[in-house]
Amino acid sequence: MAQARIVVVGAGVAGLTTALLLARESKYLITVAAKHMPGDYDIEYASPWAGANYWPISEAGTEAAEWDKNTWPELEDLAKHHPEAGVHYQDTAIYNRSKDVDSSLGKYLAEKLKAEPWYKDVVPNFRPLSKERLGSQYSNGHAFTSVCINTAIYLPWLASQCLSKGVVFKRANLKHVCDASGIHHTGRKADLVVNCTGLSASKLGGVEDQNMMPIRGQTVLVRNEADVMCSSSGTDDGDEEVCYLMQRAAGQSQFPSAEQSSVLTRIRRRYAARWLIPKG
């Protein structure tokens, strides 16, 4: 039986994961076509800037929630058996303030704001946080075991796994999604094109998905080690800002930041004071 020719457009986490899963089936010949590849840093290439972590925010009962659920065993396997992938276990705590529920950010994070979110039955060691641990400014909170992903390690690892399965990488700055069918590495027309361009789907001809909405997020890397990966539903010193802290594999702590000096100053102050983590 002839092998089907597939072009995956995009070389972020979504594109590389798609290519790797398809390449594990011998019936496919995979080409990854992308403007940006692992090792690149560009404002259009989101994956290298990610924290990253596993904190489901999908609404219960949706297809996206099912994706979240199915993703956890795969990440857990990487943390257990493939330390070279840059994925490691980390204790996680989420602190919620009732005053954030009606904000636009609070609505976006509605599943996280619940005392018992649907993913309590997915992640290990889920438990509510005591009132003593929460302090007076938080209405509820919970903790569980999750994973933190160092994308500076994870992206090259995904690429190496793809290469070991015969995936071919081609640089391409596509103007229209249909152009992808003509750049399969065999020189023949692709049987299938998979669009994994993320935010660039809003500009890619033939797609131009106007439902794509960016969330601005930048980070600060610090030398200090964090004993917990945590998040708060809001802050009093920054409107519509969410805070998180995580310890990357290979020794980096990461805190959200922004280019504006005023925002950067606030975030550094939060980190220095361990603002995000209630005492107790």
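Of the 280 residues of the chain, 46% are buried (under 20% relative accessible area, with exposed set at over 50% and partly exposed in between, using a 1.4 Å probe and protein chains only). The chain exposes about 14,700 Å², of which carbon and sulfur atoms supply 52%; accessible areas follow the Shrake-Rupley method with a 1.4 Å probe, and for residues only the protein chains shown count as cover. The model is predicted: local features require pLDDT of at least 70 and side-chain atom pairs pLDDT 80 or more, while totals for chains, interfaces and linings use all residues. Residues are numbered from 1 along each chain as its sequence is written, and side-chain values use heavy atoms, with hydrogens and water left out.

The mean pLDDT of the chain is 84, and 82% of its residues reach 70 or more, pLDDT being the predictor's confidence in each residue on a scale from 0 to 100. Over residues 253-259 pLDDT stays under 50, and the model has 46 contacts beyond four places in sequence for this segment (contact: heavy atoms within 4.5 Å). Among contacts in the chain between residues at least 6 apart in sequence, 69% join residues at least 24 apart.

The secondary structure comprises 7 helices and 11 strands, taken as DSSP runs (H or I of at least four residues for helices, E of at least two for strands) and numbered from the N terminus. An open sheet is formed by 4 strands in the order 6-2-1-7, with parallel pairing; two strands count as paired if DSSP finds at least two bridges between them. Strand 6 (168-171) and strand 7 (192-195) are the edge strands, each pairing on one side only. From one strand to the next, the twist averages 25 degrees, where axes are lines fitted to C-alpha atoms (for helices over the stretch in contact) and angles run from 0 to 180 degrees between N-to-C directions. Strand 1 (residues 4-9) pairs with strand 7 in the parallel sense over 4 bridges. Within this pairing, isoleucine 6 has leucine 192 of strand 7 as its bridge partner.

Backbone geometry was also examined. Most residues other than glycine have a negative phi. Asparagine 125 has a positive phi, near 60 degrees, and lies in the loop between helix 4 (110-113) and strand 4 (127-128). Glutamate 208, also not a glycine, has a positive phi of about 40 degrees. Glutamate 208 is located in the loop between strand 7 and strand 8 (218-222) and is partly exposed, with a relative accessible area of 47%.
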